[in-house]
Amino acid sequence: MAVETIYESKVPWNPKRPDTAIISCVDGRWRAQIQDFTINYLKADLHADFLAVPGGIEPLTLFDLVPKDFNFLRRRLESLIQAHGTKRIVAIAHQDCAWYKQHKRFSSTIDLRERQILDLRRAASRLRETFPELTVESYFAFHAGDNPERVVFEPV
Ligand SMILES: [Zn+2]
């Protein structure tokens, strides 16, 4: 019996393995700017692997607090790197991340942005230890000035 398909994409499939894996939050409101940044500034491939979970790299900071969350992300990342021959990891966090707001595992004396930047640094150093042959970069995306439509990136 023939399978009835309902849609055929006009986009040709590309078998080439990308050398970059991007780790970010799932928040779709930031996706277009993250893709723009990684393609046009970081010169990552349009088809860079994209690993997105709520809160982005946050699980990679939980190796002692919530080891099962840490291991969930670490195992998948390891498998991806092994299968795809990844050369570069780009970690991106964004302003006002709902995951961070809902899961405050930090004292109230430290603000959200500061916490996220500390986490990016911790995750990046753990990634460098775990995968010494890879390049690891991390960035924070936020609104510039008073215009919420403008999104800028800073290296972390
Ligand atoms: Zn988020």
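**Entry 1: ground rules**

I count two strands as paired if DSSP finds at least two bridges between them. Helices (H or I, at least four residues) and strands (E, at least two) are DSSP runs, numbered from the N terminus. With that settled, I looked up S1 and S2: four bridges join them, and they run parallel. Ser24 stands opposite Ala52 in S2.

I noted that this is a predicted model, where local features need pLDDT of at least 70, side-chain atom pairs count only at pLDDT 80 or more, and totals for chains, interfaces and linings use all residues. Residues are numbered from 1 along each chain as its sequence is written.

**Entry 2: the overall layout**

I found four helices and five strands in the protein chain. Along the sequence they follow the pattern β-α-β-α-β-α-α-β-β. I also looked up the extent of the C-alpha trace, which spans about 60 × 40 × 35 Å along its principal axes.

For burial I call a residue buried if 20 or more other C-beta atoms lie within 10 Å of its own, exposed if 12 or fewer, and partly exposed in between, with C-beta atoms placed from the backbone. Of the 156 residues in the protein chain, 24% are buried.

For contacts I ask that the C-beta atoms of two residues, placed from the backbone, lie within 7 Å. Among contacts with a separation of 6 or more, 70% come from residues 24 or more positions apart.

**Entry 3: the sheet**

In what order do the five strands of the open sheet stand? I read S2-S1-S3-S4-S5, with mixed pairing. S2 and S5 stand at the edges with a single partner strand each, so one side of each is left without a neighbour in the sheet. The twist averages 25 degrees from one strand to the next; for such angles, axes are lines fitted to C-alpha atoms (for helices over the stretch in contact), and values run from 0 to 180 degrees between N-to-C directions.

Next I followed the pairing from S1 to S4. S1 and S3 run parallel, joined by five bridges, and Ile22 stands opposite Val90 in S3. Val90 in turn stands opposite Glu137 in S4. S3 and S4 pair in the parallel sense over seven bridges.

Is S1 mostly covered or mostly uncovered? It is mostly covered, as five of its five residues are buried. Thr20, Ile22 and Ser24 point one way from S1, Ala21 and Ile23 point the other way, and all are buried.

**Entry 4: helix H1**

I traced S1, H1 and S2 and noted a right-handed β-α-β unit. Here right-handed means that, with the strands pointing away from the viewer, the path from the first strand over the helix to the second runs clockwise.

Within H1 (residues 31-41), the buried residues are Ile34, Phe37 and Thr38. They cover an arc of only 90 degrees around the axis, which puts them on the same side of H1; the arc is that of the directions from the helix axis to the C-beta atoms. An α-helix has 3.6 residues a turn, so residues three or four places apart point the same way. I found strand S1 (20-24), S3, S4 and strand S5 (151-155) among what covers this buried set. Ala32, Asp36 and Asn40 are exposed on the face of H1 turned away from its buried side.

**Entry 5: helix H4**

I checked the length of H4 (residues 112-130): at 1.5 Å a residue, its 19 residues should span 27 Å, and its end C-alpha atoms are 27 Å apart, which agrees. The expected span is 1.5 Å times one less than the number of residues.

Which residues of H4 are buried? I listed Gln116, Asp119, Leu120, Ala123 and Leu127. Their arc around the axis is only 105 degrees, which puts them on the same side of H4. This buried set packs against strand S3 (88-94), helix H3 (98-102) and strand S4 (135-143). On the other side of H4, I noted Glu114, Ser125 and Glu129 as exposed. H4 lies across S3 and S4, running at about 165 degrees to S4.

**Entry 6: two positive phi values**

Lys43 sits in the loop between H1 and strand S2 (49-52), and its phi is near 60 degrees, a positive value in a residue other than glycine. Lys43 is exposed, with 8 other C-beta atoms within 10 Å.

Asp96 is in the loop between S3 and H3, with phi near 55 degrees, again positive in a residue other than glycine. Asp96 is partly exposed, with 14 other C-beta atoms within 10 Å.
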